[in-house]
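Please look over the sequence and the model below before reading on. The paragraphs that follow move from the strands to the core and then to the charged side chains.

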Amino acid sequence: MTSSEGTLNLYTEKCKKLLEEPEIRFAGIVDKDGQLISGGFKEGLTPYEGDETRLQSFLEFVSKASIRKEYDESLGPINYLAARRDKAVLVSFPFPITQILLLISAEPTANIENLAKKVVEIFTDVTKRLSKP
């Protein structure tokens, strides 16, 4: 197994762990080109009409916003970006070292801060592993 295959397997495992959370509908890792490389919708879930298109649009917006660095020096890097909609909460977490994003779609009642804590809890070892030379 190559290093990149191992990393993809790790992402898949972490996304599955997130999808165990009752309010999370979608958890996926997206590369810098906007392609889903791991994860997806919760098994057995019927996506809302247009869910995948909306996620792609949100992803494009988030990708552009996440790579912008003009405020990093004064405010620090982006930890996550969130959008609360009537039918869903969308949250993205940039992983700057690898230039990928974790994108989550959750029920509108989801607490964004709790989601962020859960992501940090599940992905902490991944980000530490990826940042080692």
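Two strands are said to pair if DSSP finds at least two bridges between them, and strands themselves are DSSP runs of E with at least two residues, just as helices are runs of H or I with at least four residues, both numbered from the N terminus. This is a predicted model, in which local features need pLDDT of at least 70 and side-chain atom pairs count only at pLDDT 80 or more, while totals for chains, interfaces and linings use all residues. Residues are numbered from 1 along each chain as its sequence is written, and side-chain values use heavy atoms, with hydrogens and water left out.

With these terms in hand, the chain can be described as having four helices and five strands, which follow one another from the N terminus in the order α-β-β-α-α-β-β-β-α. The five strands form an open sheet, arranged as β2-β1-β5-β4-β3 with antiparallel pairing, and its edges are β2 (36-41) and β3 (81-84), each of which pairs on one side only.

Within the sheet, β1 pairs with β2 in the antiparallel sense over five bridges, and here I29 stands opposite S38 in β2. The hairpin made by β1 and β2 has five residues between the strands, and among them G34 takes a positive phi near 85°. Six bridges join β1 to β5, again in the antiparallel sense, with V30 opposite L101 in β5. Between β4 and β5 there are seven antiparallel bridges, and S92 stands opposite L103 in β5.

How much of β1 is buried? A residue counts as buried under 20% relative accessible area, as exposed over 50% and as partly exposed in between, using a 1.4 Å probe and protein chains only. Seven of the seven residues of β1 are buried, so this strand is largely enclosed by the rest of the structure. Across the chain, buried residues make up 38% of the 133 residues.

In soluble globular proteins, nonpolar side chains tend to be buried together. A nonpolar core is here a set of buried Ala, Val, Leu, Ile, Met, Phe, Trp, Tyr and Cys residues joined through side-chain atoms within 4.5 Å. The largest such core has 22 residues, of which L18, I29, F93, L102, I104 and F123 touch the most other members. At least two core residues come from each of α1 (3-19), β1 (24-30), β4 (89-95), β5 (100-106) and α4 (112-131), and α4 gives the largest share, six residues. If contact means heavy atoms within 4.5 Å, then F123 touches Y11, K14, C15, L18, I29, F95 and L102, leaving aside residues up to four places away in sequence.

Charged side chains also meet, and a salt bridge is a side-chain nitrogen of Lys or Arg within 4 Å of a carboxyl oxygen of Asp or Glu; by this rule the count comes to four. One of them joins E21 and K118 (3.5 Å, N to O). E21 lies in the loop between α1 and β1 and K118 in helix α4, so the pair ties together parts that are 97 residues apart in sequence. Another salt bridge joins E107 and R25, whose closest N and O atoms are 3.5 Å apart, and this pair links the loop between β5 and α4 with strand β1, 82 residues apart. E107 is partly exposed at 25% relative accessible area, whereas R25 is buried at 4%.
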